[in-house]
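Hi everyone, thanks for coming. Let me put the structure up, and then we can walk through a few spots together.

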Amino acid sequence: MPAKKDARKSPGSTSSDATPRPVPQSKQPAETSGELHREIRRPSSAWVDNLLMPALAVFTGLVVGGLIIAVANDAAITAWGNFFQNPVAAIKASWDAIIQAYSALFGGALGNPADIVAGFQTYFATGQTAGLYKAIYPFSESLVLTTPYIFLGLAVALGFRCGLFNIGAEGQFFMGALGAAYVGYSITTLPWFIHLPLALFGGAVAGAIWGAIPGYLKAKFGAHEVVNTIMMNWIAFRLSDWLLNGPMKAVGYRPVTSTVEATAELPRFFPDPLRLNWGFPLALVFALLVYWFLFKTTLGFEVRAVGANPDASRYAGMSVMRNFVLVMTLSGALAGLAGATQVLGTDHWVGQGFSAGYGFDSIALALLGKSHPLGVVLAALLFGILRGGATSMQSLARIPIHIISVIQGMVIIFVAAPAIIRWIYRLRIGTAEQTVLTRGWGK
Amino acid sequence: MAEQTQAAIMSKPNRQRLGTGLTLVIAGLLMLVLFVRGTQSGQTATFGMNTGGAALMIPDLVLPVQPTLYTLIVVTVFLGAWQLARGGIRSTGWLLVIVSFCFVAAFLIWATKDGSFNLVGMLNGTLGRAIPIALAALCGVISERAAVVNIAIEGIMLIAAMTAVISATLAHSLVVGLLVAILTGAVVAALHAVLVIRFKVDQIVSGVAINIFGTGITSFISSRYLESNIDVLNNSGTFKVMSIPLLSQIPILGPIFFEQGPIVYIALLLVAVLHVLLFYTPWGLRTRAVGEHPKAADTLGINVFLTRYVNVIIGGMIAGIGGAYFTIGSVGRFDQNMTAGKGFIGLAAMIFGKWNPIGAFLSSLLFGFADSLQVKMQILRVPIPSEFLAMAPYIVTMIVLTGIVGRAIPPAADGTPYEKQ
Amino acid sequence: MTTVLELRGITKSFPGVLANDHIDLTLEQGEIHALLGENGAGKTTLMNILYGLYKPDEGEILVRGEKVDIHSPNDAIARGIGMVHQHFMLIPVMTVTENVMLGIEPTRDVIFLDKSTVAEHVLEISKQYGLEVDPDATIKDLAVGTQQRVEIIKVLYRSAEILILDEPTAVLTPQEVEGLFKILQTLVDKGKSIIFITHKLKEVMAVADRITVLRGGRTVGTVSPKKVDPAKLAAMMVGREVNLVVRKKRAQPKETALTVKNLFVRDVRKNLVVRGVTFDVRKGEVLGVAGVQGNGQSELVYALTGLLPIENGEINVLGKTVRKLTPRRVLERGVAHVPEDRQKYGLVLSFPLYDNLVLCNYYLPPFANGVSLRQKVIIENGEKLVKQFDIRTPSVYVNASSLSGGNQQKLIVGREFSRPIQLLIAAQPTRGLDVGSIEYIHNRIIEKRDEGTAVLLVSSELDEILALSDRIAVMYRGQIMEIVDASETSKEYLGLLMAGIAASQTAIAGAKPKKEVKEVERVF
């Protein structure tokens, strides 16, 4: 049932529907509008736009990534050198390289199914957990990586809904982590039920400030948030360099913060080394909250209206400026929470380069998730898996982890230009309009 | 009656007058608190006016610290008080320029007290650091004058920086490296152009995607190949400084402008050439028409799409030169993410320069100055953490974007795809 | 007489709409051929095909008996076809010369623009055809009438023999229209042939040699103005007998709803465009604001509705003086605003109809309960209003972008009129609409007036102003020239005011027509 409601909502929100102008003869008998609605929405089109297209975009991105992997593989290159002697070997070498890389990737992300089954069998037979924990470790790690992605994707998606491009999630993420870490390690006498929320709040506030500044500059001066959030990123990196080498530096020679107090930690579900913690369900709760905010509240109505047509929103009595500041603040707060859960649940301390790459990833997954909280959760899961597996791909198949960024760049392009996907796969279904996310430099 | 009210309206920018006046007075007081405190009478600051072996050495500038500071403060406060009391100075922009100058000068004198500081060397560094920003800004100007927002400059420069150094190292020729960088810029920009013109992808989204792609692919290649094969792939050497005969002998200006590498000269030339092309040739007229009112251009038989493709690709070639500057123009090797936001700063320079080649260049100098200053300040051991000084270019960018100083109107169609129907 | 142009069986369809259905048209040398039809009849589509902007699905074009393919404006220009577009194709920040030379720039020293040669040529043309214009002026500083002359010069500079003018009179004062007609006469006298697109009956009667009427994308017929009367033409145009009059009772004005005193407003570019405007509107009357577009009417409306800040002056809405207006404060006082740019301000095109119908009051009960929206109530409200205001749509779930222009306007009217309002501000409420929608909206406005709502109607269609208003204020360069009683004025007199000629300066000042006008001809 919620899914159906959601489908109804989507014409307004994602503007994925381009019903042609009604031709005069379309005088429909007065049925209940719900049924009429289903006719017009052409469910197949919604399905294509919101599921098939992103899936194909991801698939195509993986294929392109695979080609790069093949090109970068020494054995494959050697084999291609001997192409005319043994063409089959060349193709096979490339294929092997791709398969090896991706099986390392997905194996590293999801674990070995046989091991997992065996783990469960042992557990049910003997109550022994060690084998099971070992088997689900990779998947647990992927979910751990998914957690900040959900928050960050929600942060960027919220901005998109209001016509704002928060490209600075990376800096907000870092500041949120530092804020949470500071509250986490500097206060030592609080019980957990105060300390933990306080530390989360500290992270959210730090991120919110980092988002609010470009939001305010946009609202007040029309300064474009894309450049400003990038600048805020760089300022955050420099600031964190200073903090980690100075005021927030832990005892020792490494530029890292102290470990947060146990009272500020997000509890973990399993014993070490499994790091899956309450941050993950918290992220899901926030996805629901963002959904509720966007689609079920008057504030969300304003946010979406301002995003879709700021002029009409102003005409209708909404304050565009207030919405810009509000959304950038909330967006920053979500990114800050990502940092907070990462510190409090997973790392327990912050070091340099903490946020590397998360900002750009979050843009990709917000686009992939069509700026819808549910889509964001699914996209975050995918990215968590990609990132989780990338490490093992790097160690097992010697493929640098950065291939993930290449794939993500391609995925964004394919999601943003469905025409390319339609052209590649010769698709004739689906009629998505291009969603205008942002406008030029002017106001 | 109407005339009276009109007069009343004309005197309305009162609030603005008060605002700038107060800002100036506060800036003066701030200078007093920040810079005069902690100085002693009799201290001097020495500013070097020469670099290297110029034929015509001019004496260093030795300034008494306290009197100079007081002079700067008095100028600032006086201007502020004048503005508060009488108004009359219409151009807020110029006032802010003057006060910024006084403030920076005061800061420099304070920082240099009892020491010496090579001013010309710093200004020479300013130009050097401004060049990639200026090239990025020129790329932006050329694309956006045809109404295509190109936020992919960062990614273009990053990729071009890498291809430049690899090809230069392999071919043992920096010129080859530069040409490959230009070609790379053209190719990546063409990708952006196809996405936004042919496929009508949101221009910012496409730019961001290319940036992500650029970061990914360069980091990928860097860690896969460059790090393990530095001498074979990632060690090109750099363009040598070419002193221009005679001109480089001019005191102060000579060492700043005419003792630079070839890419700097190319950039300076490009500024002039693009300015002429944009405002005095048919190509420029058509470009501006396409950026302002593509439909009108279309009705006159101008191919809007072709114009946009050409401009975006030319812009990409310019950004390619900018990318080359990072590697073969300055350090001779590629490091991951070495562009460090310069492409975005270039966009800010473009906006501040009112979408005008010369304006974009001049505002790039501002960013170059902030950047150069922070490096030199670290050498002077100013009691400010170096990390804060390093924020300067980014903060300047944000201030500039507020448009408090000179707001410009972008090309009317900037950022909108053209629907031909 | 030779046929210079012939269109045969031109057909063009857009998704869901057949814009041109086998249209035939012939143009003789030296004639003014009017293409008459209401909005949406397919006139502009046809001409865009002829000018190479659209590609026809079927049909052929013959220029001087020779079959031609026109794929782009370049082809059209090469065949001697020039077009003056309804929305001027001029680049505001460039000079007249630059606009004229764009696309065929002469150069000197190989690459540099040769502006002086073009400027001379412009002056030549301007002398030859009586098209006065300064070649070095920047377009954005020119009056609309002058801009139109630049458009004509552009076409003549390209040595066009066939001129297409698309709704050229829409933005002119009646006197400027006279001037334009003289220019057209000069042009045909010198051998040019003209296609004149319009939806105004009187104009075709005055200027055309032949009239071709289009309706619903089809040719209805070609007639000579000497052999038809306006009523017949109107019937051909609309396809049914048209009631040429708006029937309304005498206004019963009550207390004052809106008082504006000495109002000054700057536009977004900070130019002072409303300069000392004073008027009031009473409940139960329609105050029409006439004037050529761009004389400050839009900014006046934006200021009254809080969309532009007030530079100076006083506004009293429903008995309360407001210093700082925000759109929400204005709406909450019981003011409805039908904005002139309905797609920019009036609608969120990517929202479904039901959301658009609560755009101004989504946060109030019954649509909201605290911060949460009551989706069910909002949808029911949408269904009710769609029925009540006869909005033709398959359902309330479709996006506003899928409606036709007329239905989009009905959507706005439905939303605004369904709120409890005491003052209605309507700007260009029928621009670009078909006759049915115009009739509908006019009747609704009069209905509101009779219910005791104060109505401020801004329109650049003088006929619309005359048909609906009880009093008429004419704006010129940001000021109100005069406020006249609608029953005691004439179109000619208003036209002079619109051109900035004050009563004291005119010969007819003393001779204001005093006849009682109860029924006024309707506009198309």
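This is a predicted model: local features need pLDDT of at least 70, side-chain atom pairs count only at pLDDT 80 or more; totals for chains, interfaces and linings use all residues.

Who are its partners? Setting aside neighbours within four places in sequence, A:F324 is in contact with A:C162, A:L164, A:G215, A:K218 and A:A219. Take A:G215 from that list: along the chain, A:G215 and A:F324 are 109 residues apart, yet their C-alpha atoms are separated by 5.7 Å.

Now to a pair of helices, still in chain A. Two packed helices are described by the angle between their axes and the distance between the axes. For helix 7 (residues 130–161) and helix 16 (residues 373–397) of chain A, the angle is about 135° and the axes are 7 Å apart. These two helices of chain A are therefore oblique to each other, and their crossing is right-handed. On the helix 7 side, the contact includes A:P138, A:Y149 and A:G153; on the helix 16 side, A:F383, A:G384 and A:R387 are among the residues taking part. By class, the residues of this helix 7 and helix 16 contact in chain A divide into 15 nonpolar, five polar and two charged.

Next, where chain A meets chain B. The contact takes 46 residues from chain A and 43 residues from chain B. Which elements of chain A give two or more residues to the side that touches chain B? They are helix 9 (192–221), helix 10 (225–245), helix 15 (358–368), helix 17 (403–416) and helix 18 (418–425) of chain A. Helix 10 of chain A gives the most, with eleven residues. Sorted by class, the side of chain A that touches chain B has 31 nonpolar, twelve polar and three charged residues.

Last stop, chain C. Chain C has 17 helices and 26 strands, and its C-alpha atoms fill a box of roughly 70 × 55 × 55 Å along the principal axes. With 524 residues, a compact globule would have a radius of gyration near 24 Å, and chain C agrees, at 24 Å. Of those 524 residues of chain C, 51% count as buried. And among contacts in chain C between residues at least 6 apart in sequence, 69% join residues at least 24 apart.

Note on methods: Residues are numbered from 1 along each chain as its sequence is written. Chains are lettered from A and ligands numbered from 1 in the order in which they are written. Helices (H or I, at least four residues) and strands (E, at least two) are DSSP runs, numbered from the N terminus. The radius of gyration is taken over C-alpha atoms; the globule rule is 2.2 Å times the number of residues to the power 0.38. A residue is buried if 20 or more other C-beta atoms lie within 10 Å of its own, exposed if 12 or fewer, and partly exposed in between; C-beta atoms are placed from the backbone. Two residues are in contact if their C-beta atoms, placed from the backbone, lie within 7 Å. Ala, Val, Leu, Ile, Met, Phe, Trp, Tyr, Cys and Pro count as nonpolar, Asp, Glu, Lys and Arg as charged, and the others, Gly among them, as polar. Axes are lines fitted to C-alpha atoms, for helices over the stretch in contact, and angles run from 0 to 180 degrees between N-to-C directions. Angles under 35 degrees count as roughly parallel, over 145 as roughly antiparallel, 65 to 115 as roughly perpendicular and the rest as oblique. A crossing is left-handed if the near helix is turned anticlockwise from the far one by less than a right angle, and right-handed if clockwise.
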